[in-house]
Amino acid sequence: MPAWFSASLAIQASYFVTAVLFIMGLKRMSSPVTARSGILWAGAGMGVATLITFLYPGMSNYELILPAMLVGGVLAWWSGKRVAMTNMPQMIALYNGMGGGAAAAIAAVELYRGGTSGYVTGSLAVLGGIIGAVSFSGSLIAFGKLQGLINRSLRFSGQQILNLAVLAAALALGAMVAAHFNASPAIVTGFFVLALVLGVTMTLPIGGADMPVVISLYNALTGLAVGLEGFVLDNAAMIIAGTVVGSAGTLLTQLMARAMNRSLGNVLFSGFGDTGGEATGTVTGSLKPIEAADVGVMMAFASKVIVVPGYGMAVAQAQHKIWELAQLLIERGVTVRFAIHPVAGRMPGHMNVLLAEAGVPYDLISDLDEINAEFETADVALIIGANDVVNPVARTDKSSPIYGMPILNADKAKNVIVIKRGKGAGFSGIENALFYLDNTRMLYGDAQKAAGELIAAVKAVG
Amino acid sequence: MTGMVALYIFMLAAFTGYEVISRVPVILHTPLMSGSNFVHGIVLVGAMVALGSATTPLEKAIGFVGVLLAAGNAVGGYVVTERMLEMFKSSGQRKAKGTH
């Protein structure tokens with residue numbers, strides 16, 4: 001081996017390569033054409049960094065490191081391969097929480113040992129620790145809510161004050177830990193317990209409809225925590241990757257909150273995403289039901305049909321049937337487009353993933369800005385399990401909680417067909433004025449079953 | 001690494017993350033969130049170093065959990081991102097494969 005070669009040089013060089021691969025990978029993931037290769041690049045970067053870390057100077061405990069990697073890796077591999085596309089959001093929340101927990105664990109090892117040198121490093125370890133721990137327990141709650149394990153949103157008066165008190169107490173203990181490099185283990189323990197509690201109490205009151213924003217926020221927070229612990233460990237790969245994810249995730253969170261016309265603070269502290277309390281606005285008119293056979297004829301002879309999927313489609317696993325229906329229509333010469341609202345489903349782009357799973361080419365799928373002008377020329381707007389994202393009161397009713405949210409202009413189509421399970425209001429609890437319009441007809445039933453009936457109806461037209 | 005250099009790295013990395021994601025079409029938001037979730041799985045190398053230098057049983061136990069969680073983040077993040085992106089194909093690609 002030449003004299004200039006050393007393990008630490010190899011490690012630094014590999015981490016450099018990893019950082020480049022991560023950034024190139026994320027860049028490639030931001031275009032549909034290159035997205036597939038992007039994850040391969042990032043994966044290669046992860047492989048390089050993980051392997052070279054075994055050469056870290058002074059490493060021991062390999063008999064613990066290898067089994068831990070094996071158990072964690074195999075469990076995640078198995079669950080990741082098995083999970084249905086519909087349940088992707090909660091799996092991402094779960095894996096994200098694990099990352100946050102790992103960042104907190106790094107902080108815990110450093111702080112229990114009293115190994116941090118200096119106030120700056122100590123403070124960074126504490127900061128990364130609290131953020132990682134909040135992301136860990138918060139993501140687990142988000143997972144539980146989306147998985148249906150936690151059905152209720154716990155809310156009581158003074159909740160925000162309690163959260164602030166827990167945060168203040170955690171920060172106070174954290175300051176004591178950072179100030180004394182050899183703080184007693186009891187204080188370190190108290191600090192982490194409070195941080196974990198904070199993640200739980202912060203997330204419990206947030207309703208299901210806001211979960212996309214929350215998961216994205218915790219994703220950004222985990223990135224930040226990883227970056228901070230990277231400073232503590234003097235690890236450039238962690239600093240760069242963590243910070244890139246932290247800022248990218250923050251931007252993504254803002255984009256999502258903006259798409260819902262809500263500030264991030266509003267999502268975290270107002271708690272409307274679940275019940276919304278009073279159903280505002282007086283809706284006049286009546287709900288007019290329609291039979292599947294009539295809808296089939298209407299669509300078969302249409303020149304343009306725009307499909308608007310929502311979470312109801314995901315719940316019913318109706319995406320395959322919907323694509324089958326769309327293909328039948330396309331064969332008849334009907335122009336079919338899919339219109340996706342940025343916050344339809346449980347995550348931004350959730351609907352795109354489901355449609356892609358069913359085989360819908362992405363060039364048939366349009367987002368809000370691209371498609372909104374086209375509703376006026378559409379003969380049929382087919383709403384499948386979507387609600388708030390097509391509610392026209394967002395344009396008109398200043399007293400409505402969703403006032404100002406950009407919506408899909410489905411009401412501008414000549415005919416609006418709404419496939420819906422029952423007569424209840426949407427996630428936000430707001431009555432949907434679209435359902436009462438003169439050009440709207442309701443097709444009641446499970447989305448998958450209704451789509452099956454529509455397929456039969458279109459086929460019957462011949 | 002001196003503090004100032006670290007601060008510069010932090011600042012540049014923050015801008016990079018912002019720029020990389022700012023032109024992302026909505027259809028890729030979920031895969032990209034998943035992809036960035038995978039990228040912070042790099043916490044695995046930190047967890048390995050932390051466990052590798054742990055001495056007391058408490059440190060070892062926490063370090064063990066840390067490595068386990070980090071490996072889950074990295075592997076799980078990769079698997080689900082890859083699965084999602086594998087499905088993104090244009091009309092042309094589908095026709096070419098004869099699956100329309």
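Colleague: In which helix of chain A is the place of A:Val20?

Modeller: A:Val20 lies in helix α1 of chain A; helices here are DSSP runs (H or I, at least four residues) numbered from the N terminus. This is a predicted model, in which local features need pLDDT of at least 70 and side-chain atom pairs pLDDT 80 or more, while totals for chains, interfaces and linings use all residues. Residues are numbered from 1 along each chain as written, chains are lettered from A in the order written, and side-chain values use heavy atoms, without hydrogens and water.

Colleague: Which residues form the nonpolar patch on the surface?

Modeller: A patch of this kind joins nonpolar side chains (Val, Leu, Ile, Met, Phe, Trp, Tyr) within 5 Å, from residues with over 30% relative accessible area and no salt bridge. Here the members are A:Phe16, A:Val17, A:Val20, A:Met24, A:Leu40 and A:Trp41, with about 530 Å² of accessible area together (Shrake-Rupley method, 1.4 Å probe, only the protein chains shown counting as cover). Helix α1(A) gives the largest share, four residues.

Colleague: How much area is buried between chain A and chain B?

Modeller: Interface size is often given as the accessible area lost when the parts come together. In this model that area, summed over both parts, is about 8100 Å², with 77% from carbon and sulfur atoms. A:Ile39, A:Met46 and A:Tyr362 supply 7% of what chain A buries against chain B, more than any other three residues.

Colleague: How many salt bridges are there between chain A and chain B?

Modeller: The rule asks for a side-chain nitrogen of Lys or Arg within 4 Å of a carboxyl oxygen of Asp or Glu. The count between chain A and chain B is two. B:Glu82 and A:Arg36 meet in a salt bridge at 2.3 Å, N to O.

Terms used:
Buried area = accessible area lost by both parts, 1.4 Å probe. Patch = residues over 30% accessible without salt bridge, like charges linked within 9 Å, V, L, I, M, F, W, Y side chains within 5 Å. Helix = DSSP H or I, 4+ residues; strand = E, 2+ residues; numbered from the N terminus.
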